Amino acid sequence: MELKKLIYTVEDGIAVITMDYLKNLNAIDEQMADELQYVVDAAEQDPAVRVVVLKGSRKAFSAGGDIGYFYQLIQAGGEVNMDGLISKVGGVADGIKRMSKMVITSVCGAAAGAGVSLALAGDFMICADNAKFILAFVNLGLVPDTGATYLLAKSIGTARTMELAATGRPVDAQEAKALGLAYKVTTVDELDEVTMAFAKKLAAGPLVSYKNIKKQLYAASYSDYKQWLAETEVPTQRECAASMDFQEGCKAFMEKRKAQFQGK
């Protein structure tokens, strides 16, 4: 596959996946989701790869879904159907959790919406001190998707997940570490160096042990993820995407005004 929105390199046993679509702050559309799945599969199957790093740019890890695209559809009177995109990005998150190789997510700047899910999908998250995690879905009249609710509830429990999902408030890097989501926080300038140093340490470790630790944790906590995605997340987001509140939330975001939700 020709990569148009990612950069993929392998050196010294470390595969680095860089989301590289700065024009839209690494917003995740179906093309990027397809490319992510392709490189995740490639890294898993490549015996030269011992560890994987997933990163964005210094400005943003990922802005999540392409709200501008949704806005254009709404303005044209079209239907917004996210089922395919949700399933694809959810599949990427599942693929990362299912991988036999350790995955480090390296987060700089904003991780919003589906970007939060990708950041959470790794085995270790290293953040720059400017990182912000925003479950912004509720501000658009949507529910968290691409596994965000599932992954957060497994990590921090349902009460804290409810608070973050229902308020949409940002979580900074230090709070992410205090919640147990981030492994380490560093400066923006040191993020790549710290991430790669840890990746090299893992790459020199007991890979068979790592593989089986991941297998145990997947069986203990994530084995029903795909079923949950299909039976719960996709249909709940489908209902929200068909609501007048979503249309209002999307218009308000693009028009830089406060949304006036009607509850329908």
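## Exercises on burial, strand pairing and backbone geometry

Lys 256 is exposed, with a relative accessible area of 77%; exposed means over 50%, buried under 20% and partly exposed in between (1.4 Å probe, protein chains only). The model is predicted: local features need pLDDT of at least 70, side-chain atom pairs count only at pLDDT 80 or more, and totals for chains, interfaces and linings use all residues. Residues are numbered from 1 along each chain as its sequence is written, and side-chain values use heavy atoms, with hydrogens and water left out.

### Exercise 1

Solution. 
1. Most residues other than glycine have a negative phi.

### Exercise 2

Solution. 
1. Asp 145 belongs to the loop between strand 8 (132-134) and helix 5 (148-156).
2. The Asp 145 side chain makes polar contacts with the side chains of Thr 146 (3.4 Å) and Gln 237 (2.9 Å). A polar contact is a pair of N or O atoms within 3.5 Å; within protein, one must be able to donate a hydrogen and the other to accept it, and residues adjacent in sequence count only if both atoms are side-chain atoms.
3. Beyond its neighbours within four places in sequence, Asp 145 is in contact (heavy atoms within 4.5 Å) with residues including Met 82, Phe 137 and Glu 233.

### Exercise 3

Task: Explain why strand 5 is described as largely enclosed, and identify its pairing partners.

Solution. 
1. Strand 5 (residues 102-107) has 6 of its 6 residues buried, so the rest of the structure largely encloses it.
2. Met 102, Ile 104 and Ser 106 point one way, and Val 103, Thr 105 and Val 107 the other way.
3. In a regular strand the side chains alternate between the two faces of the sheet.
4. Strand 3 (residues 51-55) pairs with strand 5 in the parallel sense over 5 bridges; pairing requires that DSSP find at least two bridges between two strands. Val 53 has Ile 104 as its bridge partner.
5. Strand 7 (residues 124-128) runs parallel to strand 5 and is joined to it by 4 bridges, with Ser 106 opposite Ile 126.

### Exercise 4

Task: Characterise the largest nonpolar core and the place of Phe 133 in it.

Solution. 
1. A nonpolar core is a set of buried Ala, Val, Leu, Ile, Met, Phe, Trp, Tyr and Cys residues joined through side-chain atoms within 4.5 Å.
2. The largest such core has 67 residues, and Phe 133 is among those with the most contacts inside it, as are Leu 36 and Val 107.
3. Apart from its neighbours within four places in sequence, Phe 133 is in contact with residues including Val 107, Met 125 and Arg 169.
4. A second, separate core of 16 residues includes Val 51 and Tyr 210.

Technical notes:
Helix = DSSP H or I, 4+ residues; strand = E, 2+ residues; numbered from the N terminus.
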